[in-house]
Amino acid sequence: MESVPSTETLPTAIALLSGGLDSATAAALAQAEGYRVIGLSFDYGQRHRRELQAAAAVAQTLGLAEHQSIHVNLAAWGGSALTDTGMDVPSEGVQEGVIPSTYVPGRNTVFIAIGLSLAEARGAERLVLGVNAVDYSGYPDCRPDYLGAFQTLADLASKAGREGHGTQLWAPLVEWSKTKIVEEALRLGVPIDQTWSCYSGGEQPCGVCDSCRIRDAALIEAGRPDLASR
């Protein structure tokens with residue numbers, strides 16, 4: 001009978017875990033590829049705590065090796081509907097070529113930099129990102145060219161990178177449709193009902209913001225309308 005390898009002997013990956021469906025699916029994909037996954041979430045002054053609660057629940061259900069949460073106050077200077085309660089959350093739909101007010105200035109650049117710091121400290125081979133450039137709003141920090149440039153920076157900016165074994169940015173969902181992400185989440189057993197993608201807080205998703213509508217359409221197309229907003 002073959003012995004099951006201890007998680008301590010598996011390669012390590014750091015997964016940025018927002019509490020949403022995409023980051024949970026990316027973390028589960030890393031686990032499926034044989035990685036010991038450490039989750040990293042950020043309290044950045046977002047409108048509500050609901051997504052942080054979801055991140056903690058997802059980390060527990062997926063059985064992540066560890067879950068870290070960091071406070072970085074990006075709300076102090078505003079500039080985004082996700083951090084400034086004086087701005088309206090958009091619900092008119094994604095407009096091609098227009099970056100919406102839900103873009104948070106510098107958010108992914110800050111998050112990835114901190115994730116790389118933890119990854120190098122823990123000897124992680126991968127930094128797992130749930131970013132997606134297809135079904136969302138075309139944020140500048142969710143695009144393949146951005147990730148490629150950041151990889152170059154990461155390799156130059158770290159001891160591990162200079163020695164030829166730096167952490168690799170891994171964004172498996174970046175060019176997937178939302179429906180494909182849902183289908184993969186279902187295949188992997190991701191607790192979709194525990195994830196939170198809504199821009200607003202509350203007991204139930206609002207069902208009208210851009211994020212809810214994109215997620216709901218994909219769930220319905222994938223044959224799981226029961227998991228859509230109610």
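**View 1. Strands 1 and 4, side by side.** Two strands are taken to pair if DSSP finds at least two bridges between them, the strands (E, at least two residues) and helices (H or I, at least four residues) being DSSP runs numbered from the N terminus. This is a predicted model, in which local features need pLDDT of at least 70 and side-chain atom pairs count only at pLDDT 80 or more, whereas totals for chains, interfaces and linings use all residues. Residues are numbered from 1 along each chain as its sequence is written, and side-chain values use heavy atoms, with hydrogens and water left out. Strand 1 (residues 12-16) is joined to strand 4 (residues 126-128) by 3 bridges, and the two run parallel; within this pairing, Ala13 stands opposite Arg126 of strand 4. Strand 1 is mostly covered, since 5 of its 5 residues are buried, where buried means under 20% relative accessible area, exposed over 50% and partly exposed in between (1.4 Å probe, protein chains only). Its cover extends to both faces, with Thr12, Ile14 and Leu16 buried on one side and Ala13 and Ala15 buried on the other.

View 2. Strand 2 (residues 36-43) has 8 of its 8 residues buried, so it is largely enclosed by the rest of the structure. Arg36, Ile38, Leu40 and Phe42 are buried on one side of strand 2, and Val37, Gly39, Ser41 and Asp43 are buried on the other. The crossover from strand 2 to strand 3 goes through helix 2 (residues 50-62) and is right-handed.

**View 3. The largest nonpolar core and the surroundings of Leu129.** A nonpolar core is a set of buried Ala, Val, Leu, Ile, Met, Phe, Trp, Tyr and Cys residues joined through side-chain atoms within 4.5 Å. The largest one holds 34 residues, and Ile14, Leu16, Ile112, Leu127, Leu129 and Leu147 are those that touch the most other members. Strand 1, strand 2, helix 3 (107-122) and helix 4 (144-157) each supply at least two residues of this core, and helix 3 gives the largest share, 5 residues. When residues up to four places away in sequence are not counted, Leu129 is in contact (heavy atoms within 4.5 Å) with Leu16, Ala26, Ile112, Leu147, Leu169, Trp170, Ala171 and Pro172. A second, separate core of 30 residues includes Ala28, Val128, Ala185 and Ala218.

**View 4. The largest cavity and its lining.** On a 1 Å grid over the protein atoms alone, a cavity is a set of points where a 1.4 Å probe fits but cannot get out, a pocket is an open set with protein on both sides within 12 Å along at least five of seven lines, and lining residues have an atom within 4 Å of a point. Grid points are joined across faces, edges and corners, and a volume is the space filled by probe spheres set on the points. The count comes to 1 cavity of 30 Å³ or more, and the largest cavity has a volume of about 720 Å³. It is lined by 34 residues, of which Ser18, Gly20, Glu51, Arg107 and Asn108 lie nearest its centre. Helix 1, strand 2, helix 2 and helix 3 each supply at least two residues of this lining, with the largest share, 4 residues, coming from helix 3.

**View 5. Thr83 in its loop.** Thr83 lies in the loop between strand 3 and helix 3 and is buried, with a relative accessible area of 9%. Leaving aside residues up to four places away in sequence, Thr83 touches Tyr44, Gly45, Leu74, Ala75, Gly78 and Val104.

**View 6. Helix 6, and the largest pocket.** In helix 6 (residues 178-188), the buried residues include Lys178, Thr179, Ile181, Val182, Glu184 and Ala185, and what covers the buried residues of this helix includes helix 1 and helix 7. Gly189, whose phi is positive, near 75°, follows helix 6. The largest pocket holds about 230 Å³ of space; of the 18 residues that line it, Asp193, Thr195, Pro205, Arg215 and Leu227 are the closest to its centre. Helix 7 (residues 210-221) provides the largest share of the lining of this pocket, 3 residues.

How values were computed. A crossover is right-handed if, with the strands pointing away from the viewer, the path from the first strand over the helix to the second runs clockwise.
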